[in-house]
Amino acid sequence: MGKVKFAAMVLIGVYSGWRPQELAVLKLDGVDLEGRTFKGGMKTAAGIGRTVPIHKDVFPLVESYYREAEGMGSEFLFNDPDGQQGTHLTYDKYRGRFNKVMSRLGMEYHHPHETRHTWYTAAKRSHMDDVLRNRMMGHQNESYDVKKLYDHQTMEDMKAAMDRVSFL
């Protein structure tokens, strides 16, 4: 999966908006390749069990990790076959792999949560609707105006909005 091991995992984090600890423990049964979605989450009522579209630009990376995990017999999307204490990742293992990627790329001053910040900023700059952005991130909406109460956007709306997020 490229020359810098686990770089694709970091890129998936940048393109998804998941909290690092959520990304680290995504299970295969929460990845719908046909529907192009992830399901998972933690921390808040809005964050637990949420479904997030897989951005079209990282879908091949997700699919590759999925096939690798299937081949290993793992229930988790991200694994380290060379891990000394089990193959699936915990947040601590994820953070260690993230730091190694940053070091290899000469970017030592970044931390895992910045992938989420990057996605949020790109989504906002791409004019993603606030309601959709909050929903994908697992945030509670800050206020309950009429739009938030009556705006019933579909997964197809979410996928289209996700695919418009640009990092250029």
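Which residues is methionine 136 in contact with, leaving aside its neighbours within four places in sequence? In this predicted model, where local features need pLDDT of at least 70, side-chain atom pairs count only at pLDDT 80 or more and totals for chains, interfaces and linings use all residues, methionine 136 is in contact (heavy atoms within 4.5 Å) with Arg50, Val52, Pro53, Trp119, Met128, Met158, Ala161 and Met162. Residues are numbered from 1 along each chain as its sequence is written, and side-chain values use heavy atoms, with hydrogens and water left out.

Two packed helices are described by the angle between their axes and the distance between the axes. The axes of helix H5 (residues 114-125) and helix H6 (residues 130-137) come within 10 Å and cross at roughly 160 degrees, and H5 and H6 are therefore roughly antiparallel to each other, a term applied to angles over 145 degrees. Here axes are lines fitted to C-alpha atoms, for helices over the stretch in contact, with angles running from 0 to 180 degrees between N-to-C directions, while helices (H or I, at least four residues) and strands (E, at least two) are DSSP runs numbered from the N terminus. To the contact, H5 contributes Arg116, Trp119, Tyr120, Ala123 and Lys124, and H6 contributes Arg133, Met136 and Met137. Arginine 133, placed in helix H6, counts as buried at 3% relative accessibility, where buried means under 20% relative accessible area, exposed over 50% and partly exposed in between (1.4 Å probe, protein chains only). Not counting residues up to four places away in sequence, arginine 133 touches Trp119, Tyr120, Ala123, Lys124 and Met128.

Met136 also belongs to the largest nonpolar core, in which, of 41 residues, Phe38, Leu77 and Met136 touch the most other members; such a core is a set of buried Ala, Val, Leu, Ile, Met, Phe, Trp, Tyr and Cys residues joined through side-chain atoms within 4.5 Å. Among the elements that give two or more residues to this core are helix H1 (7-14), H5, H6 and helix H8 (155-164).

Helix H1 is mostly covered, with 6 of its 8 residues buried, namely Ala8, Met9, Val10, Ile12, Gly13 and Val14. These buried residues of H1 pack against H2, strand E2 (37-40), H3, H4 and H5.

In helix H8 lies methionine 155, which is partly exposed, with a relative accessible area of 23%. Methionine 155 touches Thr37, Thr51 and Pro53 when residues up to four places away in sequence are not counted. Although methionine 155 and threonine 37 are 118 residues apart in sequence, they are 9.0 Å apart in space, C-alpha to C-alpha.

Note on methods. Angles under 35 degrees count as roughly parallel, over 145 as roughly antiparallel, 65 to 115 as roughly perpendicular and the rest as oblique.
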